Amino acid sequence: MTTAAITPQQYAFGDLAGLMARMTGDEKHGPAATSTLDTIWVLYDRVLRVGPETAAAPDRDRFLLSKGHGPMAYYAVLAAKGFLDPEVLASFGGYDSPLGHHPDRLLVPGAEIGSGSLGHGLPLAVGTALGLQAQGLTDPAVWVLIGDAEFDEGSNHEAVAFAGAYGLDRLHTVVIDNSSASLGWSGGIAARFEGAGWSAATVDGRDHQALYEAFTMPHEGRPHVVVARVEPKN
């Protein structure tokens, strides 16, 4: 597979639909992918300090896709930003393709974790933030994108409680809220985080400026969560 074959400026947000259309086949998990498209784009286009040339740099920002069972949007953004050759998108889901139905960090340039199992991403992000801190790398930000249904898994609640109590202010979470959670909680998603000591914002998950402003809110001494509301899955 060819990597970094294009310049990041070659594609804009309006081109992502065409890049996603190159990925065909069964089990595309289209709604899971499209629900994340705006969020992932804004992060890679305006927030994350990482690119194809710095994907292995110790001081890079880390992005962990916990909501990895619908990776088409992620692959499209990585291609638009130069991590992937767009030509490889057509192989999505193929037997010998690096682009599986769940991202593989050993095969996908720029991918930080192998993902797709609900409830794993936020605990991994907490561990990543702790590991960077232990190495004296206090500048890199750690971002993790999860789905609201992942809060049906207890591991996420444990991670929320630990990160808030520990004051992991380089940890950032984006929750895609497409009304998929089966359990729910009193007061909504943001309140769950705020009760554990997090900074929180809830925004329209299709509004790029609102997403950017929420992503860049100051939150000294506290981890930060942005709840991105999108249309219901069904």
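**Exercise 1. Where is Ser 35 found, between which two helices?**

Before we start, note that this is a predicted model, where local features need pLDDT of at least 70, side-chain atom pairs count only at pLDDT 80 or more, and totals for chains, interfaces and linings use all residues. Residues are numbered from 1 along each chain as its sequence is written, and side-chain values use heavy atoms, with hydrogens and water left out.

Solution. 
- Step 1: Ser 35 sits in the loop between helix 2 (30-34) and helix 3 (37-47). Helices (H or I, at least four residues) and strands (E, at least two) are DSSP runs, numbered from the N terminus.
- Step 2: With a relative accessible area of 4%, Ser 35 is buried. Buried means under 20% relative accessible area, exposed over 50%, and partly exposed in between, with a 1.4 Å probe and protein chains only.
- Step 3: Not counting residues up to four places away in sequence, Ser 35 touches Lys 67, Ile 176, Asn 178, Arg 206 and Val 230. Contact here means heavy atoms within 4.5 Å.

**Exercise 2. Which aromatic rings does Tyr 44 pair with?**

Solution. 
- Step 1: The whole structure has 11 aromatic pairs. Rings of Phe, Tyr and Trp (its six-membered ring) pair if their centres lie within 6.5 Å; planes under 30 degrees apart count as stacked, over 60 as edge-to-face and the rest as tilted.
- Step 2: Tyr 44 and Phe 63 have ring centres 5.6 Å apart and planes at 75 degrees, so the pair is edge-to-face. This pair links distant parts of the chain, with Tyr 44 in helix 3 and Phe 63 in strand 1, 19 residues apart. Both Tyr 44 and Phe 63 are buried.
- Step 3: For Tyr 44 and Phe 83 the centres are 5.9 Å apart and the planes at 85 degrees, so this pair is edge-to-face too. Here Tyr 44 in helix 3 is linked to Phe 83 in the loop between helix 4 (72-80) and helix 5 (121-134), 39 residues apart.
- Step 4: Phe 83 is buried, with a relative accessible area of 4%.
- Step 5: One aromatic cluster is formed by Tyr 44, Phe 63, Tyr 74, Tyr 75, Phe 83 and Phe 92.

**Exercise 3. How many cavities of 30 Å³ or more does the structure hold, and which residues line the largest cavity?**

Solution. 
- Step 1: The search finds two such cavities. On a 1 Å grid over the protein atoms alone, a cavity is a set of points where a 1.4 Å probe fits but cannot get out, and lining residues have an atom within 4 Å of a point. Grid points are joined across faces, edges and corners, and a volume is the space filled by probe spheres set on the points.
- Step 2: The largest cavity has a volume of about 50 Å³. Its lining is made by Tyr 44, Val 50, Ala 55, Asp 61, Phe 63, Phe 83, Gly 110 and Glu 112.
- Step 3: The second largest cavity holds about 30 Å³ of space. Among its lining residues are Phe 63, Tyr 74 and Glu 112, and strand 1 (residues 62-65) gives the most to that lining, with three residues.

Definitions and conventions
1 Å grid on protein atoms, 1.4 Å probe; cavity = no way out; pocket = protein on both sides within 12 Å on 5 of 7 lines; lining within 4 Å.
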